[in-house]
Amino acid sequence: MKPVLNERKCPMQGQICKAIPACPEGAIIYLPDENAPLGGRIIFDYEKCNECGICVTECCGSAIDLK
């Protein structure tokens, strides 16, 4: 099962995202994007992701689910 982000629940702020540093594989990345409503995006590198689910429990906005 892969992590999926619910963008409506996510504040899209790399500096407050607890899931990014919690990921043991470094599979969650914050990308600045001036076209995004809040100036950036949280993305998953599925090639690095081992589907451990740590990001789900660490997400401060309960915005990540495994599907």
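What radius of gyration would a compact globule of 67 residues have, and what does the chain have?

**Figure 1. Overall fold of the chain.** The model is predicted. A compact globule with 67 residues would have a radius of gyration near 11 Å. The chain has 11 Å, which agrees. The C-alpha trace spans about 30 × 20 × 20 Å along its principal axes. Two helices and four strands make up the secondary structure. Read from the N terminus, their order is β-α-β-β-α-β.

Figure 2. About 4300 Å² of the chain is accessible surface. Carbon and sulfur atoms account for 51% of that area. Of the 67 residues, 30% are buried. Consider the contacts with a sequence separation of 6 or more: 55% of them join residues 24 or more positions apart. Charged side chains number 7 positive and 9 negative. The centres of these two sets lie 7 Å apart.

**Figure 3. The aromatic pair, phenylalanine 44 and tyrosine 46.** One aromatic pair turns up in a search of the whole structure. Its members are phenylalanine 44 and tyrosine 46. A pair of aromatic rings is described by the distance of the centres and the angle of the planes. Phenylalanine 44 is buried, at 13% relative accessibility. Tyrosine 46 is partly exposed, with a relative accessible area of 37%.

**Figure 4. Proline 32 in strand S2.** Strand S2 covers residues 28-32 and includes proline 32. Is proline 32 buried or exposed? Its relative accessibility is 67%, so proline 32 counts as exposed. Leaving aside residues up to four places away in sequence, proline 32 touches Gly39 and Gly40. Isoleucine 42 is ten residues from proline 32 along the chain. The C-alpha atoms of proline 32 and isoleucine 42 are separated by 8.9 Å.

Figure 5. How far is cysteine 59 from cysteine 17 in space, C-alpha to C-alpha? The distance is 6.8 Å, although the two cysteines are 42 residues apart in sequence.

Figure 6. Most residues other than glycine have a negative phi. Methionine 12 has a positive phi, near 55°. Methionine 12 sits in the loop between strand S1 (3-5) and helix H1 (19-22). This methionine is buried, with a relative accessible area of 6%. Serine 62 also has a positive phi, about 50°, and is not a glycine. The loop between H2 and S4 contains serine 62. At a relative accessible area of 49%, serine 62 is partly exposed.

How values were computed: Residues numbered from 1 in each chain as written. Predicted model: local features only at pLDDT ≥ 70, side-chain atom pairs only at ≥ 80, totals over all residues. Heavy atoms only, no water. Rg over C-alpha atoms; globule rule 2.2 N^0.38 Å. Buried < 20%, exposed > 50% of the residue type's maximum accessible area, 1.4 Å probe, protein only. Contact = heavy atoms within 4.5 Å. Areas by Shrake-Rupley, 256 points an atom, 1.4 Å probe, with all protein chains shown as cover. Lys, Arg positive; Asp, Glu negative; His and termini not counted. Charge placed at Lys NZ, Arg CZ, Asp CG, Glu CD. Phe/Tyr/Trp six-rings, centres within 6.5 Å; stacked < 30°, edge-to-face > 60°.
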